[in-house]
Amino acid sequence: MRERSEMSAPVVDAKPDPAAVPSRTETTAGNYFVSNYPPFGAWRTEAVAELESVLQQPPRAHVPLGLYTHIPFCRKRCHFCYFRVYTDKNADDIRAYIDAVLAELAMYVGRPALQGRKPRFLYFGGGTPSYLSPDQLGVLSEGMKRLMPWDDAEEITFEGEPGTLTDHKLRAIRAMGATRLSLGIEHFDDHILEINGRAHRSKEIFRAYSYAREIGFPQINIDLIAGMVEETEEKWREAVAKAVELGPDSVTIYQMEVPYNTTIYQRMKAEGRLAAPVADWETKRRWVDWAYREFEKVGYTVTSTTTVVKDPARVKFLYRAGLFSGADLLSVGVASFGHLSGVHYQNLHDFQPHIDAVRAGRLPVYRAMRPTTEELYTREFMLQLKLGSVSAAAFASKFGQDPRIQFAAPLATLRQWGFLVEDGDRIGLTRDGLLQVDRLLMEFFDPKYRSGRYA
Ligand code: SF4
């Protein structure tokens, strides 16, 4: 992970020209968060054969493996949520889904690209993985371990919604091996939680957090969102103060965005509004910056555009590190996306088609893409820039071309806008640049991927 000192003595070699920076003020609808490249819109059903083909080959040498499992159930749908989640499934549906996920995993472990491999890191995401009962978690985790043992895993992340986390449930999550509990807190104010459609309230946050600490999870991360509907300066500061007081191992702070398939966007459309009823981007960046400064005062370090960490020497996030550096990621479950032997893929979006495909003995993959080496280079460079800075030498050695040459044009643009920090081997971003990195990364996109929706 990047250390704070790498950005504390910046060398900016060009005068900023703020007038030249295209502005984005109001929050309008759309996905801005860059989590992969080329964008999902460029992945195609016809390319699924590419995945089938690489699965028949032995794995690439020395590439670590991660395993992602998607649990698409939630108690309620949050108004800002853009994931495919289900709030109406009963115990039989959930059992059918767990069986499908296990059958899907069984199909992969039989292929040469995965045979005999063990994951170095695992991630249970959603949706709400903690929606599952302790019994359901037992069936899922025991079944998975039989197919692909986890005994070599260094990190197992489990996402939890505070209102679902009883003492008993948390013990079951720890017993299945979770080392990193990620709590979707988002805010501490009950009115804000309610108006944004969250299922939990602040009382449940403190109860779940204290149980989790008692049980002894090695790492607890909490998620916050800056700029939810009806957020104010005062409420944000109170939320940050409460988060500081809890003292989690890491905090992930997202800036509220309003993708098209959210309840908030549906309301905007019905009312004929273009701007979302949330804070503008400049305000959200200021709020996140303020939060980072509060955490820094008590010894935390900013380790990415969205994260502060209490003790970076101890607290790692292998899932993100793997994802950002080209590790294989075997993903199972509805709508999940993965990367195996150089091929991106995403599963079918809907619950029943996913189950039906697996029951018919087919991989439930909906679309895929084999990026070129240049695209893989761009992907890794952009994603690692989200950590604050990258080593030019490391990229030159991996891809055979210095990033200062490979990305001369977009780097010149960032330099001209005053966001670039160049310090010896390191290429990084100023704090202001880091807080708006997703829009800056568009400069690195191949022009053919710049138009249209990211998702
Ligand atoms: S808990 Fe998360 S996944 Fe579930 S509806 Fe809310 S935002 Fe979406």
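I started with Ser341, which sits in the loop between strand 10 (337-340) and strand 11 (343-347). This is a predicted model, so I keep that in mind throughout. Is Ser341 buried or exposed? I found 21 C-beta neighbours inside 10 Å, and the cut-off for buried is 20 or more, so Ser341 counts as buried.

Next I looked up Glu186, in strand 4 (residues 180-186). Glu186 is not a glycine either, yet has a positive phi of about 70°. With 25 C-beta neighbours inside 10 Å, Glu186 counts as buried.

Then the peptide bonds. I noted why these are worth a line: most residues other than glycine have a negative phi, and most peptide bonds are trans. The bond from Tyr37 to Pro38 is cis, omega near -10°, and Pro38 belongs to the loop between helix 1 (5-8) and helix 2 (48-55). Gly126 to Gly127 is cis too, with omega near 15°. I place Gly127 in the loop between strand 2 (121-126) and helix 4 (134-147).

Gly126 and Gly127 turned up again among the residues around the ligand, along with others including Cys74, Arg77, Cys78 and Glu161. I sorted that shell by class: five nonpolar, four polar and two charged.

Last, a helix pair. Helix 3 (residues 91-109) and helix 12 (residues 351-359) pack at about 50°, axes 9 Å apart, and are therefore oblique to each other. Their crossing is left-handed. On the helix 3 side I listed Ala96, Tyr97, Ala100, Ala103 and Glu104, meeting His354, Ile355 and Val358 in helix 12. That contact has six nonpolar, one polar and one charged residues.

Notes: Residues numbered from 1 in each chain as written. Predicted model: local features only at pLDDT ≥ 70, side-chain atom pairs only at ≥ 80, totals over all residues. Near = placed C-beta within 6 Å. Nonpolar A, V, L, I, M, F, W, Y, C, P; charged D, E, K, R; others polar. Axes fitted to C-alpha atoms, helices over the stretch in contact; angles between N-to-C directions. Helix = DSSP H or I, 4+ residues; strand = E, 2+ residues; numbered from the N terminus. Parallel < 35°, antiparallel > 145°, perpendicular 65-115°, else oblique. Left-handed = near helix turned anticlockwise from the far one by under 90°. Contact = placed C-beta atoms within 7 Å. Buried ≥ 20, exposed ≤ 12 C-beta atoms within 10 Å, placed from the backbone.
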